[in-house]
Amino acid sequence: MEIAVSTRNISKTYPGNVEALRDLSLEFPRGQLTSLLGPSGCGKTTLLKIISGLLEPTSGEVEVNGKPVTGPGPDRAFVFQDFALLPWADVLRNVAFGLELRGVPVSEREDIAQQHIKNVGLDGFEKSFPHELSGGMRQRVGLARALAVESEVLLMDEPFSAVDEQTRRKFQEDLLGLVERENKTFIFVTHSIEEAVYVSDQIAILLPRPSRVHEILRPENLRTKGVSDIRRDPEYLDTVDRIWASLRSYVE
Amino acid sequence: MHAKIMSRSLNLKLLSAIVVFGIWEIAGRIPISYGFPTFFESMVALFSMLIDGTLLQAYMDTLRPLVVGILISAFLGIALGLWIGLSNWFDWLVSPIFIIMQAAPLAALIPLLVMVYGIGLTSKVFVVCIMAMPVIVLNTAGAVRNTPINLKEMAASFLGTDKDIILRVIIPSASPIIFSGLRLGTSAGFIGAILAELKITPTGVGDIITFSRSIADYPSMYAAIFSIILLAVCFLNLLEIIERTLFRGNVRGYVSD
Ligand SMILES: Nc1ncnc2c1ncn2[C@@H]1O[C@H](COP(=O)(O)OP(=O)(O)OP(=O)(O)O)[C@@H](O)[C@H]1O
Ligand SMILES: [Mg+2]
């Protein structure tokens, strides 16, 4: 199992002495999907931003493909929790924005963007502006933008939180297909235990702030099951129960 | 849909103009003061000044410091505002100047300007700039500083350079407030241009105002004042059109997330 991204002894203290992460170490195998699961405010977004190079850790290192991270790079793409769409740009330009910043010529990047707009089901909304879209549609624009740049590592911060349940299930299936087809590494933040178990090769449970990894779970045989059988599999149900057992102590 | 909104706002503008002129006409007829002509008398004076060329001649003089001053204020003001908004030390160094400039009583500064730059064009341009520039600079700087952090982070994560982030995120995001600064600055610049003509040397439109008041030709005086307001309104509308063509997204509303 080759490691694509590794974080070692990461600590992050925000100004004002907010200690978000303490001594967190975690490895992300190539071609697999790792979920980060943990209570709100435990530092999941912080960890993604550190991996992306947007934030510097107070101490500790991040390596992508064996090379230390010093800033954002073409090997990583981010799906933001708050979508971060340009309000003055239409859907097409928003989706193509990552390619625009990489200097891809207009016609080429619009072709690519068009394809990804279709994949997330926003066909026909190319010329709409973000304020004309629903929350779930905006979220899909952010998703398409990250997929359009074809990075090896995808940092997804609650990418399905605002879409409806049907779309969410479809996206989860699509995501499984993507993980299988492409040798990409997915780092996936979610609040849903079921979602984490459904899509993940590896699930990291984080503790409340200051966060460390509490437990790593690796559902072994779910990948071989068909997408529609997973939710009925005993291993799926057991894993969901185990995670709930470990997290419930923090809500009680 | 767009054209409809625009024509509605045009109708509203016309309607409010008619109301104002109507009140003016009535106030002139009462009359509220011996020195207050009716709207109609003022328009007659305006047309006679237009026909005999006095007005055109006057605007040649007035527009020079006005246009030069507003152009300088706009370009220099936006550039300085960007720099102030982007750099903390430049903000610390330069912002106070504009805050003082905005608060300073202009009438007290004019004798000082005349002493240094004489009574020519330079002093008048200065007056226009002092009036117009601070709001342009401070608006621009504030808008730049308040660019949503998540958009800057997004652009950085997709490998935007500093230049990309300034041109493709900060400026478009700040543009509505920059333009509102330009509008306020331009209006102030018009006031500055007339003030300069009243306080430094009477030329152009300022001369018409001073002269017609001294011979009690009130219709001409109000006609001159009216013409400058009309010009300012046209200019502001032009700015709005420029904004609409440059930043199409601006008129489309914003979302907070
Ligand atoms: N820029 C910042 N300055 C100061 N404190 C911050 C900043 N960003 C985050 N924090 C703090 O760090 C902690 C972790 O925040 P983070 O956004 O990483 O949480 P999260 O796990 O993503 O939460 P959620 O699931 O609600 O999105 C929080 O307690 C938050 O208050
Ligand atoms: Mg978060």
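Modeller: Please bear in mind that this is a predicted model. Leaving aside neighbours within four places in sequence, L36(A) is in contact with L26(A), F28(A), K44(A), L47(A), L48(A), I187(A), F188(A), V189(A), T190(A) and A204(A).

Colleague: What makes L36(A) a member of a nonpolar core?

Modeller: A core of this kind consists of buried residues of listed nonpolar types, joined through side-chain atoms within 4.5 Å. L36(A) belongs to the largest nonpolar core, which has 95 residues; V5(A), L36(A), I187(A) and I243(A) touch the most other members. Apart from it lies another core, of 26 residues, including L46(B), L55(B), I209(B) and A223(B).

Colleague: Why is the pair R168(B) and E100(A) called a salt bridge?

Modeller: The closest N and O atoms of R168(B) and E100(A) are 2.5 Å apart. The cut-off is 4 Å, so the pair qualifies as a salt bridge. Between chain B and chain A the count is 2 salt bridges, and 3 residue pairs are in polar contact.

Colleague: Which elements of chain B give two or more residues to the side that touches chain A?

Modeller: These are α7 (149-157) and α8 (162-199) of chain B. The largest share, 7 residues, comes from α7(B). By type, the residues of that side divide into 10 nonpolar, 6 polar and 5 charged.

Colleague: How many residues of each chain are in contact, and what area is buried between them?

Modeller: In chain B, 21 residues are in contact with 29 residues of chain A. The buried area is about 2400 Å², of which carbon and sulfur atoms give 68%. In chain B, F158(B), L159(B) and R168(B) lose the most area to chain A, together 29% of what that side buries.

How values were computed
Residues are numbered from 1 along each chain as its sequence is written. Chains are lettered from A and ligands numbered from 1 in the order in which they are written. This is a predicted model: local features need pLDDT of at least 70, side-chain atom pairs count only at pLDDT 80 or more; totals for chains, interfaces and linings use all residues. Side-chain values use heavy atoms; hydrogens and water are left out. Buried means under 20% relative accessible area, exposed over 50%, partly exposed in between (1.4 Å probe, protein chains only). Contact means heavy atoms within 4.5 Å. Buried area is the accessible area (1.4 Å probe) that two parts lose on being put together, summed over both. A salt bridge is a side-chain nitrogen of Lys or Arg within 4 Å of a carboxyl oxygen of Asp or Glu. A polar contact is a pair of N or O atoms within 3.5 Å; within protein, one must be able to donate a hydrogen and the other to accept it, and residues adjacent in sequence count only if both atoms are side-chain atoms. Helices (H or I, at least four residues) and strands (E, at least two) are DSSP runs, numbered from the N terminus. Ala, Val, Leu, Ile, Met, Phe, Trp, Tyr, Cys and Pro count as nonpolar, Asp, Glu, Lys and Arg as charged, and the others, Gly among them, as polar.
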